[in-house]
Amino acid sequence: MKKTYKIEVDCANCANLMEDAARKTAGVQSATVNFMTQKMIVEFDEGQEPKDIMKNVLDACKKVEPDCEIFL
């Protein structure tokens, strides 16, 4: 399953850090962050619940970029 989330991030480098953090989160098959459109596209592993995984993704992103926001 693939879902798109609106995000708020201040710089392109921070967006790259968020993308890396999201990709390393358990249950995430792939993640792409587009700084220009302020969107994150996340593809989840089969059988995973997106809401539960996205809480972990947000926590991981907050560790690398405390000012970021993902609108779940």
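The structure holds two salt bridges, a salt bridge being a side-chain nitrogen of Lys or Arg within 4 Å of a carboxyl oxygen of Asp or Glu. The model is predicted: local features need pLDDT of at least 70 and side-chain atom pairs count only at pLDDT 80 or more, while totals for chains, interfaces and linings use all residues. Residues are numbered from 1 along each chain as its sequence is written, and side-chain values use heavy atoms, with hydrogens and water left out.

Helices (H or I, at least four residues) and strands (E, at least two) are taken as DSSP runs and numbered from the N terminus. E19 is buried, with a relative accessible area of 12%, whereas R23 is partly exposed at 44%. Here buried means under 20% relative accessible area, exposed means over 50%, and partly exposed lies in between (1.4 Å probe, protein chains only).

In the other salt bridge, E69 is joined to K62, and the closest N and O atoms are 3.6 Å apart. E69 is partly exposed, with a relative accessible area of 27%, and K62 also counts as partly exposed, at 30%. Side chains of opposite charge can pair when their charged atoms come close.

E65 is a residue without such a partner. E65 is buried yet has no salt bridge, and the nearest side chain of opposite charge, K62, is 8.6 Å away. E65 is found in the loop between α2 (50–64) and β4 (69–71). With residues up to four places away in sequence not counted, E65 touches V9, C14 and M18, contact meaning heavy atoms within 4.5 Å.

The strands were examined next. Four strands form an open sheet in the order β2-β3-β1-β4, and the pairing is antiparallel. Strands β2 and β4 stand at the edges with a single partner strand each, so one side of each is left without a neighbour in the sheet. Neighbouring strands of the sheet are turned by 30° against each other on average, direction ignored. Two strands pair if DSSP finds at least two bridges between them.

Strand β2 (residues 28–34) pairs with β3 (residues 39–44) in the antiparallel sense over six bridges. Within this pair, T32 stands opposite I41 of β3. The hairpin of β2 and β3 has four residues between the strands. Q38 lies in the loop between β2 and β3, and its phi is near 55°, a positive value in a residue other than glycine. Q38 is buried, with a relative accessible area of 17%.

Strand β1 (residues 2–8) pairs with β3 in the antiparallel sense over five bridges. K6 has K39 in β3 as its bridge partner.

Both helices were then compared with the strands. Helix α1 lies across β1, β2, β3 and β4 and runs at about 170° to β2. Helix α2 packs on the sheet, touching β1, β2, β3 and β4, and its direction makes about 130° with that of β3. Axes are lines fitted to C-alpha atoms, for helices over the stretch in contact, and angles run from 0 to 180 degrees between N-to-C directions.

Terms used: Lys, Arg positive; Asp, Glu negative; His and termini not counted.
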